[in-house]
Amino acid sequence: MDIITGLLIGFFGAFFVFYSLQPQRPYPAVLLNVLYQPWLIALFVICILGMFMVDERLAMVLLLILVFFLIDVYYLGMDA
């Protein structure tokens, strides 16, 4: 179970780092469509909070990615 958790944390961390370190590259359309649907953001937050019961490290990484994504799009606009 620890191997799967480590792989998931590495995948999500690498995905976030690759997109955050290249500001000229736009976010995928799927991620930007989430911002137009506030209920999806609420659903993601509920799923992440439920993930805290299963694995705290993975849930913390996902929560940080969601928060940094929202802050990034808020400050840089929808083209970022």
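Predicted model: local features only at pLDDT ≥ 70, side-chain atom pairs only at ≥ 80, totals over all residues.
**Helix pairs**

Two packed helices are described by the angle between their axes and the distance between the axes.

| Helix pair | Angle between axes | Axis distance |
|---|---|---|
| α3 and α4 | roughly 155 degrees | within 7 Å |
| α2 and α3 | about 105 degrees | 5 Å |
| α2 and α4 | roughly 80 degrees | within 12 Å |

Helix α3 covers residues 38–54 and helix α4 covers residues 56–76. Their axes cross at roughly 155 degrees, and an angle over 145 degrees counts as roughly antiparallel; α3 and α4 are therefore roughly antiparallel to each other. The crossing in which α3 passes α4 is left-handed. On the α3 side, the contact is formed by I41, F44, V45, I48, M51, F52 and V54. The partners in α4 are E56, L58, A59, M60, L62, L63, L66 and L70. By class, this contact of α3 with α4 comprises 14 nonpolar residues and one charged residue, with no polar residue.

Helix α2 packs against α3 at about 105 degrees, their axes being 5 Å apart. Angles of 65 to 115 degrees count as roughly perpendicular, and α2 and α3 are therefore roughly perpendicular to each other. Here V34, L35 and Y36 of α2 meet P38, L40, I41 and F44 of α3. The contact of α2 with α3 holds seven nonpolar residues, no polar and no charged ones.

For α2 and α4, the axes come within 12 Å and cross at roughly 80 degrees, so α2 is roughly perpendicular to α4 as well. Residues L31, L32 and L35 of α2 make this contact with F69, L70 and V73 of α4.

**The largest pocket**

The largest pocket has a volume of about 390 Å³. Of the 16 residues lining the largest pocket, L31, F44, L62, I65 and L66 are the closest to its centre. Helices α1 (2–20), α2 (29–36), α3 and α4 are the elements that each give two or more residues to this lining. The most comes from α1, which supplies five residues. The lining of the largest pocket consists of 16 nonpolar residues, with no polar and no charged residues.

**Surroundings of Y19**

Y19 lies in helix α1. With residues up to four places away in sequence left out, Y19 touches R25, P26, Y27 and P28. Y19 and F69 are 50 residues apart along the chain, and their C-alpha atoms are separated by 9.7 Å.

How values were computed: Residues numbered from 1 in each chain as written. Heavy atoms only, no water. Axes fitted to C-alpha atoms, helices over the stretch in contact; angles between N-to-C directions. Helix = DSSP H or I, 4+ residues; strand = E, 2+ residues; numbered from the N terminus. Parallel < 35°, antiparallel > 145°, perpendicular 65-115°, else oblique. Left-handed = near helix turned anticlockwise from the far one by under 90°. Contact = heavy atoms within 4.5 Å. Nonpolar A, V, L, I, M, F, W, Y, C, P; charged D, E, K, R; others polar. 1 Å grid on protein atoms, 1.4 Å probe; cavity = no way out; pocket = protein on both sides within 12 Å on 5 of 7 lines; lining within 4 Å. Points joined across faces, edges and corners; volume = space filled by probe spheres on them.
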